[in-house]
Amino acid sequence: METKFGQGQTVKRVEDLRLLTGQGRYVDDIAPQGALFALFLRSPVAHAEIAALDVAAARAAPGVHLVLTAQDLLDAGVDLDLKGTRVKNRDGSRGAGPERPLLARGRVRHVGEAVAMVVAETLDQARDAVELIEFDFDELDPHLDLAPGGPDLHAEAPDNVAYDYALGQADAVQAAFDAAAHVVALQVPDHRVMANSMEPRGAYAEWDGQRLHLCVSGQGVWGDKTRLSKMLGLAPEDVRVSTPDVGGGFGMKGMTYPEYYVISHAARVLTRSVRWMSERGEGMQSDNAGRDLTSAVELAFDGDYRITGYRVTTLSNLGAYNSQYAQPIQSDLFSKVLTGVYDIPAALLQVRGIYTNTTPVDAYRGAGRPEAIFALERTMDHAARVLGVDPWELRRRNFIPADAFPYTTPTGQTYDVGDFARVLDRVHRVADVDGFAARKAASAAQGRLRGLGLCCYIESILGDPTEGAEVEFCADGKVNLYVGTQSNGQGHETVYAQFLSDQTGIPFDQIRVVQGDSDRIAKGGGTGGSRSVTVQSSATLATVDKMVAAFTPFLADQMGVDPSAVAFDEGAFRAPGSNLTPTLIEAAEMARAEGRSDLLRHHAEYKLPARSFPNGAHVAEVEVDPETGQVRVVSYAVTDDFGNLMHPQLAEGQVHGGVAQGLGQALCEHVGYDEYGQLLSASFMDYAMPRADDMPFVTFTTEPVPSTANPLGMKGCGEAGTVGAIAAVANAVQDALWDRGVRVADMPFTPNRVWEMLRATG
């Protein structure tokens with residue numbers, strides 16, 4: 001079927017009335033009446049041997065139904081190990097694979113690690129009982145430095161090295177550096193941040209005597225279903241996982257967590273529903289955090305300032321355990337972030353993952369798109385300054401030219417299309433870069449420093465390239481669209497219904513989007529890596545084709561014509577010589593009347609033949625008060641190439657949210673620990689989040705170059721705002737401080753840090 005692309009129009013989000021009037025159905029809203037409350041005893045120290053764990057008094061406390069320890073789980077036959085991904089080392093061996101226990105056994109490895117769980121009638125009774133647990137430990141020295149060595153966290157990981165990975169052509173890179181006319185190097189720290197979703201993590205579990213149901217605030221249900229089945233020894237058909245409304249995920253909820261399995265086991269033992277909801281401070285200690293890596297970046301240039309080689313060596317903080325993500329280090333991830341939007345003949349990435357007693361897991365796989373683009377763009381900006389080249393010209397000179405696509409990177413990834421120079425030219429106009437000198441002079445007249453920062457980025461759709469969609473015609477006249485992704489607030493209910501309506505003529509308000517239920521949807525890839533709308537809509541398009549093909553012979557009989565004469569166009573079936581022009585809704589009613597139930601449900605899967613590559617350019621303009629160190633982002637412009645847009649307003653909203661996240665990291669967000677591994681930023685009194693007055697107006701424009709990697713020409717946009725914003729703001733602050741002699745300005749740009757940078761230069 002031909003795609004019509006009326007979906008490029010903005011329609012009102014159907015979710016908003018429900019979500020903005022308090023009618024959302026989040027996990028804690030829909031937990032069963034009478035559900036018992038679970039609460040976890042968490043480690044108060046970062047690293048210790050467990051000397052004793054006495055739960056007898058807690059078990060005898062009023063209202064307590066169950067207390068569980070690691071030994072209780074083992075005695076019940078539960079697989080205690082929440083296995084994480086093991087990365088292949090550069091020598092071909094496998095990286096470390098230490099156990100991550102559902103409840104700590106033998107040792108605790110970060111503040112907030114779950115040690116025991118209490119289940120009681122009320123939350124207050126659970127709190128009282130947790131206080132009665134006698135937890136004795138022999139404290140050990142923590143390992144906090146982002147470097148090998150120190151006290152070992154795991155016997156399987158000597159010197160706390162989780163993996164030592166490399167990708168690229170080491171010899172070619174070295175040759176490029178040996179022959180280079182200019183070499184520029186920069187150490188780029190990228191500090192740790194928390195996800196801080198509006199809705200903390202939470203779940204409830206129920207057992208009906210035969211089947212387990214886990215309802216969880218997450219980003220996809222099928223991974224948890226598979227792991228629950230294996231770890232609890234249940235048949236897959238005896239496990240149901242569902243997800244209702246979700247108040248933000250940010251990748252942090254894309255992984256699984258120990259609490260879900262422990263409450264599931266408790267529900268099975270007690271044959272009672274068990275609920276758990278994280279408190280904010282608890283989540284700050286036990287949620288998987290992100291970033292926290294340091295990259296040594298080197299660029300080799302020829303005499304014309306063309307990049308001939310790129311080398312980055314990264315130390316990445318994994319926290320205490322391995323991530324469950326399948327791609328902590330993968331060539332298809334790093335091939336693009338090594339080269340960015342630049343034509344680089346030789347590139348090499350070297351990453352060592354380090355275990356520390358800080359957080360349970362790194363949510364961003366050690367070094368992902370925002371991290372790698374940030375390191376490259378900070379170094380490009382630094383190179384322009386030390387080489388005396390205009391930073392815009394340096395980037396233009398090194399872009400992959402538009403006529404070079406499809407372009408294969410030095411590490412084997414193929415970009416299908418792109419026009420980076422056009423994107424840069426557009427954002428140059430939108431940001432009024434030509435007028436910056438006058439604005440800088442005006443700021444100087446008021447005693448303030450003004451800076452302009454640029455970031456050119458590229459990312460790609462990651463995750464499972466396959467997705468399914470199913471359309472069901474219901475007896476009430478509505479149409480259910482079953483999808484395998486999971487909305488975390490992005491507007492999926494609107495955009496998916498809009499696309500199906502556009503392709504079929506089914507009225508928009510008659511379509512119900514069904515997601516997040518392993519009983520109703522056989523499989524799916526969940527949400528993450530900017531995959532959702534592109535992959536899911538491609539699957540919906542395949543389902544529409546299959547549906548039209550299935551209805552055609554049935555309607556040909558009704559019309560009295562040959563099936564080859566029937567066409568579907570503008571929302572109706574037509575055939576020469578017949579006055580019947582049924583819509584799909586009418587065709588389904590006809591099929592129902594004829595007993596053709598096979599025509600009432602249609603399912604298809606689609607696999608993307610390749611990844612698409614959204615790209616763009618961000619320009620941040622900042623003003624710095626040198627007397628106080630206060631940084632204010634005064635304007636922000638974005639030009640993106642997302643290919644064809646399904647819903648422009650939703651795409652712009654995604655960018656605005658991403659910019660806010662990146663700006664937050666650049667200006668104020670920062671996770672802090674003391675020398676004992678205690679979290680110092682364990683509340684919003686100590687962890688600064690961006691507020692409304694921190695955000696400038698964001699000007700959003702697009703220069704689409706439709707992708708050839710999917711039938712819709714889309715490229716995805718979920719993480720684009722963050723990928724570009726961190727480096728754009730950082731480069732702007734560096735620009736503002738450069739004339740005052742500050743040669744290296746590192747985030748976060750809090751007033752005190754900026755003031756100290758200026759003070760250090762005299």
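The legends below describe close-up views of a predicted model.

**View 1. Packing of helix H16 against helix H17.** Helix H16 covers residues 532–559 and helix H17 covers residues 584–593. Their axes come within 11 Å of each other and cross at roughly 65°. The crossing of H16 past H17 is left-handed. From H16, the contact is made by Met547, Phe551, Phe554, Leu555 and Gln558. From H17, the contributing residues are Leu584, Ala587, Ala588, Met590 and Ala591. Sorted by class, the contact of H16 with H17 contains nine nonpolar residues, one polar residue and no charged residues.

View 2. The structure holds zero disulfides. Cysteine 456 is accordingly in no disulfide, and the nearest cysteine sulfur, that of cysteine 455, is 6.7 Å away. A pair counts as a disulfide with the sulfur atoms within 2.5 Å. Cysteine 456 has a relative accessibility of 4% and therefore counts as buried. Cysteine 215 also counts as buried, because its relative accessibility is 1%.

**View 3. Salt bridge between aspartate 245 and arginine 18.** Across the whole structure, a search finds 49 salt bridges. In the one shown here, aspartate 245 pairs with arginine 18, and the closest N and O atoms are 2.8 Å apart. Aspartate 245 is buried, with a relative accessible area of 14%. Arginine 18 is partly exposed, with a relative accessible area of 23%. The two partners fall in separate classes because the limit for buried is under 20%.

**View 4. Salt bridge between arginine 127 and glutamate 279.** The side chains of arginine 127 and glutamate 279 meet in a salt bridge with an N to O distance of 2.6 Å. This pair, too, links distant parts of the chain, 152 residues apart. Arginine 127 lies in helix H5 (residues 123–131). Glutamate 279 lies in the loop between strand S12 (274–277) and helix H9 (280–286). Arginine 127 is partly exposed at a relative accessible area of 31%, and glutamate 279 is partly exposed at 42%.

**View 5. Salt bridge between aspartate 425 and arginine 396.** Here the side chains of aspartate 425 and arginine 396 form a salt bridge at 3.2 Å, N to O. The bridge joins two helices: aspartate 425 is in helix H13 (residues 420–430) and arginine 396 is in helix H12 (residues 391–398). The partners are 29 residues apart. Aspartate 425 counts as partly exposed at 32% relative accessibility. Arginine 396 counts as partly exposed at 30%. Elsewhere, salt bridges that share partners join Asp432, Arg439, Arg450, Glu621, Glu623 and Arg632 into one network.

**View 6. Surroundings of serine 443.** Serine 443 is part of helix H14 (residues 436–445). With a relative accessible area of 2%, serine 443 is buried. Not counting residues up to four places away in sequence, serine 443 touches Arg448, Arg450 and Glu623. Arg450 and Glu623 are among the members of the salt-bridge network. The C-alpha atoms of serine 443 and glutamate 623 are 7.5 Å apart, although the two residues are 180 residues apart in sequence.

**View 7. Surroundings of serine 43.** Serine 43 lies in the loop between strand S1 (36–42) and strand S2 (48–54). Serine 43 counts as buried, at 2% relative accessibility. Leaving out residues up to four places away in sequence, serine 43 touches Val108, His110, Val111, Gly112, Glu113, Val115 and Phe135.

**View 8. Surroundings of alanine 70.** Alanine 70 is found in helix H4 (residues 70–75). Alanine 70 is buried, with a relative accessible area of 5%. Its contacts, leaving aside neighbours within four places in sequence, are Leu80, Leu103, Ala104 and Arg105. Methionine 117 is 47 residues from alanine 70 along the chain, and the C-alpha atoms of the two are separated by 9.6 Å.

How values were computed:
Residues numbered from 1 in each chain as written. Predicted model: local features only at pLDDT ≥ 70, side-chain atom pairs only at ≥ 80, totals over all residues. Heavy atoms only, no water. Axes fitted to C-alpha atoms, helices over the stretch in contact; angles between N-to-C directions. Helix = DSSP H or I, 4+ residues; strand = E, 2+ residues; numbered from the N terminus. Left-handed = near helix turned anticlockwise from the far one by under 90°. Contact = heavy atoms within 4.5 Å. Nonpolar A, V, L, I, M, F, W, Y, C, P; charged D, E, K, R; others polar. Buried < 20%, exposed > 50% of the residue type's maximum accessible area, 1.4 Å probe, protein only. Salt bridge = Lys/Arg side-chain N within 4 Å of Asp/Glu carboxyl O.
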